[in-house]
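Take a walk through this structure, one part at a time. Start with a strand, then follow what surrounds it.

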Amino acid sequence: MNTDAIIRTGRQTVLIVEDELVNQQLLGFILKESYNVLYAQNGQEALDLLHSEKYRVSMILLDIIMPVMDGITFLRLAGEDERIRSIPIIVLTSDNEMELEAFRLGAMDFIKKPYDMPDIILARVRRIIEFVEDREIIRDVEHDPLTGLYNRSFFFEYSRRLMEREKERTFDMLAIDVDRFRIANEVYGRTFGDQVLCSLADGIRKVLHGHLGISCRADADLFYVLIEHGADLKNSLEQIRSCIHEGEHPSVLRIRMGAYSGIGFEHPVSWYAEASKSACDSIRRNYQTDIMIYDEELHRRELYNERLIADVDTAIEERQFVVFFQPKYAIQGERPVLVSAEALIRWNHPELGFVSPGDFIPLFEENGLILKVDNYVWREASRRLREWKERYKLDLHISVNVSRKDLFSTDLSQQLQSIIIENGLSVDDVTLEVTESAYSQDADQMLKAVKTLRDGGFKIEMDDFGSGYSSLNMLCMMPIDALKIDMKFVRNIAISKTGYRIVELVAEMARALNVPTIIEGVEDREQYELVRRVGCDIVQGYYFSRPVDAENFEKLIEKEASQRG
Amino acid sequence: MLTVETLRNYGANVKEGMARCLNNETFYLKMVRLGLSDANFDRLKTAVSNKNAVAAYEAAHGLKGSIGNLALTPIFNPVCELVEMLRGKTEMVDTGNLVDTIIAERDKLLKLDS
């Protein structure tokens, strides 16, 4: 191989593949003023040179009839080689008959022998190199580098163009999301996460094969697909799933799909994408299905949610949020003793009326507004407790909920400390309830946050125990001060032996951990007697009282004070 | 000694050949000498005497490209004629005295250069 080219920075390199020395030297003479020039005598030499990766070749000038490996074979092999197929190829030929075959195999242009004048050759080489480089720049800008799918903005633009061009067709918008992707990324590593995303993108490409449409990676683990109406969504999701090589961690990933069927021109494409994402998000906690189609009900729900989000600041300012208290009684003594209360939020909206916490708490947990709302509850509950303690001199404390999002706040402990100090309370007066699902979702972060709170003196109650799927191992690792059994267990305690035995076992486990057991949802005398018999320490439920406002809770305190004498 | 003038007198389209060499006379003459020593001349003779049509076509085709680029018209024209006669043939056809003409024209130039 004659490689007389000196590679200089900033100049593009042209590879001339030609066995005829005159033709080879002549072309090199024309090009060398503008480009670095490399030579190969046949297709095989050219492949070897390109595979050596010593040079970044911007263009290949290729003869057709050569010994060892001819130009047609080279074109075929180059087309199958990812590293080479992006390099533009101009074929050198004195015949017309090979043109069609060469074009079919990816050649971009021809230079006839005898050659055109040098200026024309130079102009053609320059034009094609510039065209291909521009195309690569555009490709880099418009594609997600990891998956090779479009990025969000180009997807929206190209979707719009596609829909305009294909007006007679109907399209659907799909949003595809991976559940708990961030956790999988943390647990199994970034490489695993990247593999999942690439496999998911491959799955989407398979779905689009044979259907008109395009796709993008819009966000970390969110993909959008514009696809001609008619594709079977269930099959599409299965196809995507089958591409994800989960290895030995099959239970980690759940793929959800949201769809907007029959999108139009009334809204921008991004609106339909958001709608499909809303449909996808709406089944985040619903494990009955992995596919949801956006409909009127979902639309109404979205508008309602938007209203709640928009009104939260006003609600805090105007004190529309009201803190209710559900009493907790210690039951293992001679008589039930009021020892605590869980502070619960209620929202009396001036126009929407009573808004269920089930509607706004998960919503605010998703967008982080829960921090504001929880803060409001902590302040209100602490203020009330201070009043009651001053008035009744009773040993009473309250428990407040701390959401998973709160635990991500780096100054959570300081925030709570300052509320306690402002109200002249101590950390023993306010117990923090952290739901079990928080532990299982972000184990490391939760461990860290809970340890910080305990270091600050706070007592931690594991809430909703048994409702999620935290492992027993987690219980050993997590520092807690009380175990609160989920109310669904109480429902079965009087119905079945198994139900009874389970509560008994959890109570035993709590004793082994040396922490008290709290059981919620006790509604009648029978349940009360049973939980007392199995050794639960504290009871919360309608049997004693439903959640009540501060005035009514104060009456219960007054009663307790009089009983204590 | 080959010069631009002797090539012109020989019948080469010197203007065209020189233009392909960016009007660099030295380079043009260097390329002409390289072209005259092209192994395809000998390959062509051997292939024709062995009645190997495919090999003869490949050699003639190679010459067509290089001699054409040098604009050596008296060689180029019979080469083109020969290429068309042999194109797609697997059996040797009667090529008349084309090969002799090609070799004779090449030898004429070699003699001029001696």
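Strand S6 of chain A is mostly covered: nine of its nine residues are buried. Buried means under 20% relative accessible area, exposed means over 50%, and partly exposed lies in between, using a 1.4 Å probe and protein chains only. Strands are DSSP runs of E with at least two residues, helices are runs of H or I with at least four, and both are numbered from the N terminus.

This is a predicted model, in which local features need pLDDT of at least 70, side-chain atom pairs count only at pLDDT 80 or more, and totals for chains, interfaces and linings use all residues. Residues are numbered from 1 along each chain as its sequence is written, chains are lettered from A and ligands numbered from 1 in the order in which they are written, and side-chain values use heavy atoms, with hydrogens and water left out.

Back to the strand. In a regular strand the side chains alternate between the two faces of the sheet. From S6(A), A:Phe171, A:Met173, A:Ala175, A:Asp177 and A:Asp179 point one way. A:Asp172, A:Leu174, A:Ile176 and A:Val178 point the other way. All of these residues are buried.

Which strands flank S6(A)? Five strands of chain A form an open sheet in the order S7-S8-S6-S9-S10, and the pairing is mixed. Two strands pair if DSSP finds at least two bridges between them. The edge strands are S7 (213-219) and S10 (291-293) of chain A, each pairing on one side only. Neighbouring strands of this sheet are turned by 20 degrees against each other on average, direction ignored. Axes here are lines fitted to C-alpha atoms, for helices over the stretch in contact, and angles run from 0 to 180 degrees between N-to-C directions.

Look at S6(A) (residues 171-179) and S8(A) (residues 222-228). They run antiparallel, joined by seven bridges. A:Asp177 has A:Leu222 as its bridge partner in S8(A). A:Ala175 stands opposite A:Tyr224 in S8(A). S6(A) also pairs with S9(A), in the antiparallel sense, over eight bridges. There, A:Ala175 stands opposite A:Gly258.

Helix H6 (residues 152-165) of chain A touches S6, S7, S8 and S9 (254-263) of chain A. Its direction makes about 155 degrees with that of S7(A). Helix H9 (residues 233-243) of chain A touches S6, S9 and S10 of chain A. The direction of H9(A) makes about 145 degrees with that of S9(A). Contact means heavy atoms within 4.5 Å.

Now turn to the rings. A pair of aromatic rings is described by the distance of the centres and the angle of the planes. Rings of Phe, Tyr and Trp (its six-membered ring) pair if their centres lie within 6.5 Å; planes under 30 degrees apart count as stacked, over 60 as edge-to-face and the rest as tilted. By this rule the count comes to 25 aromatic pairs over all chains. One of them joins A:Phe156 and A:Tyr224, a tilted pair with 6.2 Å centre to centre and 35 degrees between the planes. A:Phe156 lies in H6(A) and A:Tyr224 in S8(A), so the pair ties together parts that are 68 residues apart in sequence. A:Phe156 is buried at 16% relative accessible area, and A:Tyr224 is buried at 0%.

A:Trp388 and A:Phe553 form an edge-to-face pair, 5.2 Å centre to centre with 65 degrees between the planes. A:Trp388 belongs to helix H13 (residues 370-392) of chain A and A:Phe553 to helix H22 (residues 550-564) of chain A, so this pair ties together parts 165 residues apart in sequence. A:Trp388 is buried at 1%, and A:Phe553 is buried at 0%. Elsewhere, ring pairs link A:Phe321, A:Trp347, A:Phe360, A:Phe364 and A:Tyr376 into a cluster.

What about helix H1 (residues 21-31) of chain A? Nine of its 11 residues are buried, so H1(A) is largely enclosed by the rest of the structure. Among the buried ones are A:Leu26, A:Leu27 and A:Phe29.

Finally, step back to the whole chain. Chain A comes to 22 helices and 19 strands. Buried residues make up 50% of its 565 residues.
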